[in-house]
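The following note sets out numbered comments on the model shown below. Please read each point with the structure open.

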Amino acid sequence: MQVPPRVSRLGTFLPPLQWLASYQPSSLPSDAVAGVTLAAYAVPVSLAYATLAGLPPQLGVYGYLLGGLGYALFGSSRQLAVGPTSAISLMIASSVSVMAAGDGAHYLQIASLAALAVALLALLAWVFRLSVLVKLISDSILVGFKAGAGLTIAMTQLPSLLGVAGGGQGFLDRAWHLLGQLGQTNLLVLAVGGIAVAALVLGGRLLPGRPVALAVVCLAILLATLFDLPGKGVAITGFIPGGLPTFALPALRLGDVEGILPLAGGVLLLAYIEGVSAARSFAEKHGYDIDPRQEFLGIGAANLAAALGQGFPVAGGLSQSAVNDKAGARSPLALVFASLTLALCLMFLTGQLQNLPKAVLAAIVLTAVAGLIDFPALWRMSRISSLDFAAALVALVAVLLLGILNGVLVAALASAMMLLIRASRPHVAFLGRIPGSREYSDLARHPENEVLPGVLIFRPEANLIYVNADTVLEAVMQQVTAQSASGLRLVLCDLSASPFIDLAGSAMLHRLVAELAARHIALRIVDARSQVRELLRSDGLAEKVGGIVHGLDIATIIETATGGGAGPAAAEQNALPGHQP
């Protein structure tokens, strides 16, 4: 079906205008089934995550209901499911509790304001095209962050699983309190929670993609009612207000709450990275593209809808999206069907949830976050890359010691530092001639290569910029010093692996020319790319190195310098052939 140009342009802002134009009616049953299945998964999970966030359980359902509708209008993924997530729920709990200072009503208002702030920041990120945010945290950092978040979340849920009071702030403090309360464990609560964990794990393996958590919740409610578990000391969810959410702007303004913008920024960063990563994986599976910039609008719309419904921040997550995908979702219409199903649940079924044991909600959270703790990946990094492993440990420890929000910021900082460290330590290859050829390669990797007497050839394998210029100069001068006694007369700098150079890199080459000239050694530059050649010429380096010419390789320089038996020292007098581009 041909999409009119005007609709196509508007479709870049409202994706449904594009995918609805080509939507096949035969996909409608699949989307409907996926939506109902997603809703069945969302009910117990949303109740658990709202409790984790320290909020009334129905607000978790509001997040799935309203967040899904907002994302369906503006998101670019066809399978991504949006709702509360474990890490963001804990981030809200740890940050908002301090801001609210014990005022329950104020707590609800701040949580709703946080969702509105996320929406506003997402809009600004879309306007300023900040999709580069997804690259701020590397995969290795994300492994460490997720492990830290998983352990932190697990520590908040263990007291409910054991039937003890818990307490404390932060992972270590909570662990200390829990350790002191182990003797008070309620064995009946532990049995209920343990059976729920076993059922969830076993059901997830035997019935992947099925609403196992909903079945566990229904069975737990039935048993709690039949055997009067609340009367025997098993804590339950209690009354859950029914009905649809009421719509209104948050009662607070951004300026009323100190620290709301840093919290919203951390939530947005985490939501964007997690959401885009999940969306990309499903887009690759089904053969379509997502728009990373458009995802800001999708996240923003989802959080705006949640804020208007007095909910808390939401995001796209891999686990709920996997449920949506396995159930057959073909388009964002699955989210619409899920929202309709959740609306019916809020209107007619909340009364049946009040006898749900809190230990079962804790079991749901614990089994959900177990996938965040990827110790095999950490072990693999420790064997392959010490730098990646160290960065992952920094993120993990930061989350455990500083909390989720500060852990996100430290993880982003650690990623930036890792990039700087890697950029500041480039490999400088010293080249030798491949026997029987005119080609040159790294002597460290190919010690059988021929070393030319009187000639040193080096190739920086990175951009030459301010963070690594001194490192490159130091590496080269060490080799120059080592070979000076053997009559070194010519140094060749191969810039084929340096696509960019800044003024600091050019200044380093000027210093190298001076250092070598003091030792009566010539410097020549080969294989510089066009932008690099232009900068070096503009900075006056070409005159010092006999010209920086296009299309000249190492073999030609060597042959010119040694032609007619003149030897390498002739390089100081030879005019190098070539042409200016």
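1. Two aromatic pairs are present in this predicted structure, a pair being rings of Phe, Tyr or Trp (its six-membered ring) with centres within 6.5 Å. In one of them, the ring centres of Trp-19 and Tyr-23 lie 6.2 Å apart and the ring planes stand at 65 degrees, so this pair is edge-to-face. Planes over 60 degrees apart are given that name, planes under 30 degrees apart count as stacked, and the rest are tilted. Trp-19 is buried at a relative accessible area of 14%, and Tyr-23 also counts as buried, at 19%. Here buried means under 20% relative accessible area, exposed means over 50%, and partly exposed lies in between (1.4 Å probe, protein chains only).

2. The rings of Tyr-272 and Phe-296 are stacked, because their centres are 4.1 Å apart and their planes are at 5 degrees. Tyr-272 belongs to helix H11 (residues 260-286) and Phe-296 to helix H12 (residues 294-308), so the pair ties together parts that are 24 residues apart in sequence. Both Tyr-272 and Phe-296 are buried. Helices (H or I, at least four residues) and strands (E, at least two) are DSSP runs, numbered from the N terminus.

3. The model is predicted: local features need pLDDT of at least 70 and side-chain atom pairs count only at pLDDT 80 or more, whereas totals for chains, interfaces and linings use all residues. Residues are numbered from 1 along each chain as its sequence is written, and side-chain values use heavy atoms, with hydrogens and water left out.

4. Helix H11 also contains His-286. This residue, His-286, is partly exposed, with a relative accessible area of 38%. Beyond residues up to four places away in sequence, His-286 touches Gln-79 and Asp-325, where contact means heavy atoms within 4.5 Å.

5. How do helix H9 and helix H10 pack, and at what angle? Helix H9 (residues 187-206) and helix H10 (residues 212-226) pack at about 150 degrees, and their axes are 9 Å apart. That makes H9 roughly antiparallel to H10. Angles over 145 degrees count as roughly antiparallel, under 35 as roughly parallel, 65 to 115 as roughly perpendicular and the rest as oblique. Axes are lines fitted to C-alpha atoms, for helices over the stretch in contact, and angles run from 0 to 180 degrees between N-to-C directions.

6. On the H9 side, the contact is made by Ala-196, Ala-199, Leu-200, Gly-203 and Gly-204, and on the H10 side by Val-212, Ala-213 and Val-216. By class, six of these residues are nonpolar, two are polar and none is charged.

7. Ala-411 lies in helix H18 (residues 404-424). It is buried, with a relative accessible area of 0%. Apart from neighbours within four places in sequence, Ala-411 is in contact with Ile-137, Ile-141 and Ala-395.

8. For the chain as a whole, 22 helices and seven strands are present. Of its 581 residues, 50% count as buried. Among contacts with a separation of 6 or more, 78% join residues 24 or more positions apart. The C-alpha atoms fill a box of roughly 100 × 65 × 50 Å along the principal axes.

How values were computed: Nonpolar A, V, L, I, M, F, W, Y, C, P; charged D, E, K, R; others polar.
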